[in-house]
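Work through the exercises below with the structure in view. Try each task before you read its solution.

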Amino acid sequence: MDVIVVESPAKAKTIEKYLGPGYTVLASFGHVRDLPPKDGSVRPDEDFAMSWIVDAKAEKRLNDIARAVKGAKHLYLATDPDREGEAISWHVHDILKDKGVLKGVDVKRIVFNAITKRAVTEALEHPRDLDDPLIDAYRARRALDYLVGFTLSPVLWRKLPGSRSAGRVQSVALRLICEREAEIEVFKSQEYWTVEVDFLNARNQNLTARLTHLNGQRLDKFDLDNETKALAAVETIEHRVFAVTGVDRKQVKRNPPPPFITSTLQQDASRRLGFGAGQTMRTAQRLYEGASIGGETVGLITYMRTDGVQMAPEGLSQTRRLIETRYGKDLLPEKPRFYSSKAKNAQEAHECIRPTDLFRTPDDVARYLDRDQLRLYELIWKRTVASQMESAVLDQVTIDIASADRNVQLRATGSVVKEKGFLVLYEEGKDEDKEDGEEKILPDVTADETLTRKQTRPEQHFTEPPPRYSEASLVKKMEELGIGRPSTYASIIEVLQARNYVKLDRKRFIPEDRGRIVTAFLDSYFKRYVEYDFTAKLEEDLDEVSGGRIDWRQVLRDFWTAFAKAVDETKDLRVKEVLDKLDADLGPHFFPESPNGRDPRKCPSCADGRIGLKLGKFGAFIGCSNYPECRFTKPLAVSTGEEGEASLDQPRELGLDPKTELMVTVRKGPYGNYVQLGEAKEKEKPKRVSLPKQMSPLEITLEQALGLLGLPREVGLHPESGQMITAGLGRFGPYVKHGPTYKSLAGDDDVLTVGLNRAVSLIADAKPGRGRTPPLKVLGEHPDDKQPVELYSGRYGHYVKHGKVNATVPNGIEPMEITLEQAIPLLAARAAKGKPVKAKKAAKAKAAKPKAAKKADDEATPEGETAAAKPAAKPAKAKAKAPAKKKAAKATAKPAKKKSEPQADAA
């Protein structure tokens, strides 16, 4: 019996089916041991000796493997064909050797690039020994990551409260994102204009050309930088006659892109399918491990962690046969296409990512795969086939047009796909939309042909900042710089998000304040270790180790000597020194000079304070130097000189209300900023009003705050109904109200100043409120609460209304002549009696009361009054509360159990 060890159980099950009896295939479930997360796991003083600890979950699986190996003739270590796979095989071999179960067992390493019967049997025919240089490269990489993480992270914790940790490659990727954000924030948009002219040729065909020369001079992008210059150019054009001065036609070939490698698969899956790097790799792993098709489990794609673009001979010949039979000889090149990697440090260990059987089309496997698997398989299949197809042929045409005096010249460009070639199947996605990227078909014209001018169109443009990184463009940039490797791209991105250093918004990375401060700190005190060239050079050194050309310990010695010295230099730094350094470095960025000459560092709250970088428990922010007297704070962002979007962590006093002599303050709550009159007292809440969005908590005045606290306010009488229009703030923002009709204010309308004419116009456009008819007459304001008392006509006659109380107008009073003085006693009498209830309904309610006491009480609660404020029937309450106490006892018992969980995690 021979034993084979692979990583995953799915892979083990498939291979065991391929080989049949005589082989026991077991899974290690990935890595089985690692460096323990504590000091001393890597010891530079002992020439980088390393301590490994077996994972608790892996112990049982290793015991199963050890039992299976006893009595076996051969042990084949068949983990993945990359550096990580080699490392797992080495760990398994090392542990089994320590257990003493390898005596008399022939241990060999086998690798296969696809999980197919043919690939596995061929691998068994060509076993080899463990690759020591590849294992050394793994140990060097693991030691480097450990030394950086466990040496640099404590420095961050001490010097930058709120920071999490630093990683060797993650920190460099974070720097990329932060630098791009800095470029965007300081970017100043520039205006420029273009002028296009529509012409007709002799055959009445349309031709559009863009102005390139004016007054005999070639136009640069910003020569027409305002409307005046653009209109002057238009006038110059309209006084001239134009003819074709030259036609340039040429054919260009567009070659197909190479097959996928890990990075390009992640990029294209992001652009086309919306997959993150992690999702792409997880889905590809399932395709690699295979699906059950026709009663047999087969791997659908080759190994998905690779830098190599070359294709195995059998894959190449199969692809060419498919193209010929499915798409015809016209799309098959005379010779196969051979690709080589552009990256100078690429590891050409195995071939590209491709389907294991090209004749297994996406339609053939659709019923065996889920949606994500099918979409990714189709992408890989199309790219692989397209890579061996004919090039696309495009006809490119350039038409030059000029006035008779040659002072004005224009140019039209276009291209037409003459032969589609590989474009019939696949076109590579792009990271960003390019301006004027659409191909235009131009009509046939001849030199000296006179054109008829139809329309001249000036168009305004503004330059745009560089786009934030998407997952696709970040992976592409890291690959270009030589940062990281195929197996690390997804984990780098996931770690940055897990540590809250960046967030993904609309599929674009935005650095969090914590990430920006960490980057600034590392750039100030560990600059060498976040430089792109240094990180790329270290990756090259690790590649040299894997090739057996450099000793892995020497790489560690060279790194550690300088790194340890840099860390020692920061030990005596005080937090204040670090803050002052970062504040000075980030000052020009976060506080750029204001165009109006205002000091960007001047505190907008206390006027004589200086704002700067501060650190709190939860990260960095901008605060005032006069703390604690001034409690101004704002999020970490570039200052524009207008701090209107800032919010307050502490109350800001505006002044005393002249009527109540209570302090008016502006505060920040969980749902936004608000103004408050006075302070909270026992059983009494102060009056509070939310700030409208257009009001800044740092700029609001006492007068404005008092206006908000006085809402709703009277705007004026409606000219038709004579009813008062009011303006106020509700849950959906500012509004005006006329009777039952509400209308939200538009963005430019101010609830404190909106006038009668504007209010009447808004109400005219509003829908009637809840279908209620307007009152026949408004009698006046009730003396108790200043709410209107109104006269209505109902199905049972006329009645007066105040709030939710309705009172019938008695027969002895003429409804249209009733006065406010007559209506108030009627309403009071009605309120004293309570709401009328029909006899049958009352009987049912009385019978149902013991069962549904709580529900009835809730329904009886007047709108706006809390349940705690209303009296309830004591017997019903007692009955309802009895079972609730038992539930409460159970509920309080549960948290007591959970208290021990965080302690266990901390331990």
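**Exercise 1. How many helices and strands are there in the chain?**

Solution. The chain has 25 helices and 34 strands. Helices (H or I, at least four residues) and strands (E, at least two) are DSSP runs, numbered from the N terminus.

Note the ground rules. This is a predicted model, in which local features need pLDDT of at least 70 and side-chain atom pairs count only at pLDDT 80 or more, while totals for chains, interfaces and linings use all residues. Residues are numbered from 1 along each chain as its sequence is written, and side-chain values use heavy atoms, with hydrogens and water left out.

**Exercise 2. Find what share of the residues of the chain counts as buried.**

Solution. Start with the term: buried means under 20% relative accessible area, exposed over 50%, partly exposed in between (1.4 Å probe, protein chains only). Of 907 residues, 45% are buried.

**Exercise 3. Describe the setting of H74.**

Solution. 
1. Check its cover. H74 counts as buried because its relative accessibility is 18%.
2. List its contacts (heavy atoms within 4.5 Å). Leaving aside neighbours within four places in sequence, H74 touches D2, V3, V105 and D106.
3. Look at the side chains of H74 and D106: a polar contact of 3.2 Å joins them. Such a contact is a pair of N or O atoms within 3.5 Å; within protein, one must be able to donate a hydrogen and the other to accept it, and residues adjacent in sequence count only if both atoms are side-chain atoms.

**Exercise 4. Work out how α6 is set against α15.**

Solution. 
1. Take the axes, which are lines fitted to C-alpha atoms, for helices over the stretch in contact; angles run from 0 to 180 degrees between N-to-C directions.
2. The axes of α6 (residues 170-186) and α15 (residues 513-525) come within 9 Å and cross at roughly 110 degrees.
3. So α6 is roughly perpendicular to α15. Angles of 65 to 115 degrees count as roughly perpendicular, under 35 as roughly parallel, over 145 as roughly antiparallel and the rest as oblique.
4. Name some partners: residues in α6, including L174 and R175, meet residues in α15, including V518 and L522.

**Exercise 5. Repeat this for α5 and α16.**

Solution. 
1. The axes of α5 (residues 132-159) and α16 (residues 532-546) come within 7 Å and cross at roughly 150 degrees.
2. The two helices, α5 and α16, are therefore roughly antiparallel.
3. Among the residues that meet are L134 and L144 in α5, and L538 and V545 in α16.
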